[in-house]
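I opened my notebook to look up a few things in this structure. Here is what I wrote down as I went along.

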Amino acid sequence: MEQNKQLLGEETLFGVTQIFKALADPTRVQILNLVQDQEYSVNDIARTLGFNQTTVSHQLRFLKNLRLVKSRREGTTIYYTQDDNHVLELLSQAIRHVEHQ
């Protein structure tokens with residue numbers, strides 16, 4: 001057993017588990033996959049993915065709290081796009097892994 005390996009701090013451990021929690025939900029994975037290359041409004045996301053607006057708004061709030069998406073307001077419309085390339089790389093690698101089988 002490796003003796004020099006440091007244990008993760010509480011804050012790091014919590015943050016990592018929250019990211020994997022975000023990626024464990026199919027709706028959030030679909031949203032992250034969609035917004036990784038361009039901005040979408042809540043309505044556009046809901047329409048594209050076939051979800052209701054309330055569901056999408058709830059999931060976007062969760063993702064925004066983790067800083068995985070960011071928003072921009074234009075008039076009364078809020079647009080969302082990705083905010084963390086690291087996590088989206090992890091998501092892309094997972095997708096490639098699954099599709100490779």
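**Entry 1: a salt-bridge network**

I began with charged side chains and found that Glu-39, Arg-72 and Glu-74 are linked in a network of salt bridges. I kept in mind that this is a predicted model.

I looked at the pairs one at a time. Arg-72 and Glu-39 form a salt bridge through their side chains, at 2.7 Å from N to O. I then checked where the two sit: Arg-72 is in strand S2 (residues 69-74), while Glu-39 is in the loop between H2 and strand S1 (40-41), so this pair ties together parts that are 33 residues apart in sequence.

Next I turned to the other pair in the network. Glu-74 makes a salt bridge with Arg-72, and their closest N and O atoms are 2.9 Å apart.

Are these residues buried, partly exposed or exposed? I noted Arg-72 as partly exposed, at 32% relative accessibility. Glu-39 is partly exposed, with a relative accessible area of 33%. Glu-74 is partly exposed too, with 46%.

**Entry 2: a pair inside a helix**

How many salt bridges does the count come to? I wrote down four. One of them joins Asp-44 and Arg-47, with the closest N and O atoms 2.5 Å apart. Both residues belong to helix H3 and are three residues apart, so about one helical turn separates them.

I compared how open the two partners are. Asp-44 is partly exposed at 26% relative accessibility, whereas Arg-47 is exposed at 60%.

**Entry 3: the nonpolar core**

I then left the charges and went looking for the nonpolar side chains. In soluble globular proteins, such side chains tend to be buried together. Here the largest nonpolar core has 20 residues. Which of them touch the most other members? My list reads Leu-32, Ile-45, Val-56, Leu-60, Leu-63 and Val-69.

Technical notes:
Residues numbered from 1 in each chain as written. Predicted model: local features only at pLDDT ≥ 70, side-chain atom pairs only at ≥ 80, totals over all residues. Heavy atoms only, no water. Core = buried A, V, L, I, M, F, W, Y, C linked by side-chain atoms within 4.5 Å. Buried < 20%, exposed > 50% of the residue type's maximum accessible area, 1.4 Å probe, protein only. Helix = DSSP H or I, 4+ residues; strand = E, 2+ residues; numbered from the N terminus.
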